[in-house]
Amino acid sequence: MQVKCNVCSIKLEKNEAVKFKGKYFHKECRRLKRIKKHINYVLTVKKNIKGSFAQIKGKINEHLGKHDYKYILFVLRKNINLNHIHGLVYFLDNENFKKEYNIYKSKKIKVKKEDMKIIESYIPQIKTKDNRKWGEIICYRSTQIQKQE
Ligand SMILES: [Zn+2]
């Protein structure tokens with residue numbers, strides 16, 4: 001039997017769907033919905049942002065297309081002076097926040113030495129490999145760890 005996903009409206013097999021409050025979802029759609037809800041909560045309740053519901057929703061969608069949602073939440077946890085939803089783009093584009101986030105993220109990963117590699121960059125980066133979530137290659141210019149070719 002097929003059901004319709006409550007987020008994207010695409011049909012899927014009932015046994016593959018996630019059911020919540022009587023509605024069916026793709027696992028990924030449900031996850032995305034929760035992420036959006038969470039970001040919306042932080043913006044409106046915690047940060048007391050001004051902006052209409054549609055504006056906030058639109059901005060969340062726009063930024064989720066461009067940034068990792070964890071990065072968005074990371075930036076929102078900073079002591080930033082955000083009065084209006086349109087200001088968010090300014091903070092998300094902040095190079096220092098991006099660098100800080102990459103360092104923060106890289107500290108949470110265990111990496112095998114043979115998977116490390118130096119890439120010419122002043123910004124610490126993480127390259128993903130085999131679609132694994134956080135990637136396995138951490139690239140720091142400063143770490144001085146080099147893969148033996
Ligand atoms: Zn869906």
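The model is predicted, so local features need pLDDT of at least 70 and side-chain atom pairs count only at pLDDT 80 or more, while totals for chains, interfaces and linings use all residues. Residues are numbered from 1 along each chain as its sequence is written.

Within α2, Ile 56, Lys 59 and Ile 60 are buried, meaning that 20 or more other C-beta atoms, placed from the backbone, lie within 10 Å of their own; exposed residues have 12 or fewer, and partly exposed ones fall in between. The three cover an arc of only 100° around the axis, which puts them on the same side of α2; the arc is that of the directions from the helix axis to the C-beta atoms. Ala 54, Asn 61, Glu 62 and Gly 65 are exposed on the other side of α2. The cover over the buried residues of α2 includes α1 (27-46) and α4 (88-92).

Thr 44 lies in helix α1 and is partly exposed, with 15 other C-beta atoms within 10 Å. Not counting residues up to four places away in sequence, Thr 44 touches Ile 49 and Ile 56, contact being C-beta atoms, placed from the backbone, within 7 Å. Thr 44 and Ile 56 are 12 residues apart in sequence and 8.6 Å apart in space, C-alpha to C-alpha.

Technical notes. Helix = DSSP H or I, 4+ residues; strand = E, 2+ residues; numbered from the N terminus. Contact = placed C-beta atoms within 7 Å.
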